[in-house]
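Open your viewer and switch to a cartoon view. This tour tells you what to select at each stop, and what to look for there.

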Amino acid sequence: HAGHITAVEVKATKTLGGHDLRGLASFSDFLKKKHESIVLYLGETKRTFEGGITAWPWAEGIKHITSL
């Protein structure tokens, strides 16, 4: 969609912790505009974290991103 901002980070791990989300959290603080923050990872479960960051299993996340 025109004007839609999506920040994407890719992690080569099956588990995510707060330290894995620091880059996207920092980007959100910098941008100060409405946007979607997505982490693609090797896990099997879609998860939502504080700050509106959504972690997607990589293949499912790619489908989501390409549908925007």
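In which sense do β3 and β4 pair, and over how many bridges? Select both strands: they pair in the antiparallel sense over 3 bridges. Two strands pair if DSSP finds at least two bridges between them. Helices (H or I, at least four residues) and strands (E, at least two) are DSSP runs, numbered from the N terminus.

A note before you move on. This is a predicted model, in which local features need pLDDT of at least 70, side-chain atom pairs count only at pLDDT 80 or more, and totals for chains, interfaces and linings use all residues. Residues are numbered from 1 along each chain as its sequence is written, and side-chain values use heavy atoms, with hydrogens and water left out.

**Stop 1: the whole chain**

Zoom out. The protein has 2 helices and 4 strands. Follow the sequence and you read β-α-β-β-β-α. Along the principal axes, the C-alpha atoms fill a box of roughly 30 × 25 × 15 Å. The radius of gyration, taken over C-alpha atoms, can be set against a globule rule: 2.2 Å times the number of residues to the power 0.38. For 68 residues, a compact globule would come near 11 Å, and the protein agrees with 11 Å.

**Stop 2: the sheet**

Select the strands. The 4 strands form an open sheet with mixed pairing, in the order β1-β2-β4-β3. At the edges are β1 (6-10) and β3 (47-49), and each pairs on one side only. From one strand to the next, the twist averages 25 degrees. Strands of a sheet pair through backbone hydrogen bonds, either parallel or antiparallel.

Now go pair by pair. β1 and β2 run parallel, over 5 bridges. Here E9 stands opposite V39 in β2. To get from β1 to β2 the chain passes through α1, and this β-α-β crossover is right-handed. That means that, with the strands pointing away from the viewer, the path from the first strand over the helix to the second runs clockwise.

β2 and β4 also pair in the parallel sense, over 5 bridges. Pick S37: its bridge partner in β4 is I53. Then pick R47, whose bridge partner in β4 is A55. Axes are lines fitted to C-alpha atoms, for helices over the stretch in contact, and angles run from 0 to 180 degrees between N-to-C directions.

**Stop 3: strand β2**

Is β2 enclosed or open? Here 6 of the 6 residues are buried, so β2 is largely enclosed by the rest of the structure. Buried means under 20% relative accessible area, exposed over 50%, partly exposed in between (1.4 Å probe, protein chains only). Show the side chains. E36, I38 and L40 are buried on one side, and S37, V39 and Y41 are buried on the other. In a regular strand the side chains alternate between the two faces of the sheet.

**Stop 4: the core**

Select A7, L16, L21, L24, V39, Y41, F49, I53 and A55. These 9 residues make up the largest nonpolar core. Such a core is a set of buried Ala, Val, Leu, Ile, Met, Phe, Trp, Tyr and Cys residues joined through side-chain atoms within 4.5 Å. β2 (36-41) and β4 (53-57) are the elements that give two or more residues to this core.

Centre on A55. Not counting residues up to four places away in sequence, A55 touches L16, V39, Y41, T45, K46, R47 and F49. A contact means heavy atoms within 4.5 Å.

**Stop 5**

Go to T48 in strand β3. T48 is exposed, with a relative accessible area of 61%. Leaving out residues up to four places away in sequence, T48 touches I53 and T54.

Finish at K32, in the loop between α1 (22-31) and β2. K32 is exposed too, with a relative accessible area of 70%. Its phi is near 55 degrees, a positive value in a residue other than glycine. Most residues other than glycine have a negative phi.
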